[in-house]
Amino acid sequence: CVACHGELGKGDPELGAPNLTDQVWLYGGERSAIIAQIAKPRQGVMPPWVGRLSDAEIKSVAVYVHQLGGGE
């Protein structure tokens with residue numbers, strides 16, 4: 001995640017990586033929507049992580065990203 005979104009999750013527009021710390025959700029801010037975007041991204045340049053991360057790891061990343069954007 002850090003390679004594109006940076007150590008603080010602020011993103012890199014030149015890479016097409018959005019800021020994960022604001023409350024702007026491109027594809028929905030619910031945990032299920034974040035999990036879906038991590039596992040099988042709908043659009044953009046983010047690679048799919050299904051098959052590279054376990055379901056538990058994807059859920060852990062989703063919880064982390066959700067709280068970065070102000071989710072509880």
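These questions and answers go through a predicted model of the protein.

User: What makes this an α-α-α protein?

Analyst: The protein has 3 helices and 0 strands. Read along the sequence, that gives the pattern α-α-α.

User: How do you know whether the radius of gyration agrees with a compact globule?

Analyst: Set the value against the rule. For 72 residues, a compact globule would have a radius of gyration near 11 Å. The protein has 11 Å, so the two agree. The C-alpha trace spans about 25 × 25 × 20 Å along its principal axes.

User: Why is Q37 called buried?

Analyst: The cut-off for buried is under 20% relative accessible area. Q37 has 13%, so Q37 counts as buried. Q37 lies in helix α2, residues 31-39.

User: What does Q37 touch, leaving out residues up to four places away in sequence?

Analyst: Q37 touches Y27, R42, Q43 and M46. A touch here means heavy atoms within 4.5 Å.

User: How much of the protein counts as buried by that cut-off?

Analyst: Of the 72 residues, 22% count as buried. The protein exposes about 4,900 Å². Carbon and sulfur atoms supply 57% of that area.

User: What share of the contacts with a separation of 6 or more comes from residues 24 or more positions apart?

Analyst: Such residues account for 34% of those contacts.

User: How far apart are the mean positions of the positive and negative charges?

Analyst: They are 8 Å apart. The protein has 6 positive and 8 negative charges. Lys and Arg count as positive, Asp and Glu as negative.

Methods:
Residues are numbered from 1 along each chain as its sequence is written. This is a predicted model: local features need pLDDT of at least 70, side-chain atom pairs count only at pLDDT 80 or more; totals for chains, interfaces and linings use all residues. Side-chain values use heavy atoms; hydrogens and water are left out. Helices (H or I, at least four residues) and strands (E, at least two) are DSSP runs, numbered from the N terminus. The radius of gyration is taken over C-alpha atoms; the globule rule is 2.2 Å times the number of residues to the power 0.38. Buried means under 20% relative accessible area, exposed over 50%, partly exposed in between (1.4 Å probe, protein chains only). Accessible areas come from the Shrake-Rupley method with a 1.4 Å probe; for residues, only the protein chains shown count as cover. The place of a charge is taken as NZ of Lys, CZ of Arg, CG of Asp or CD of Glu.
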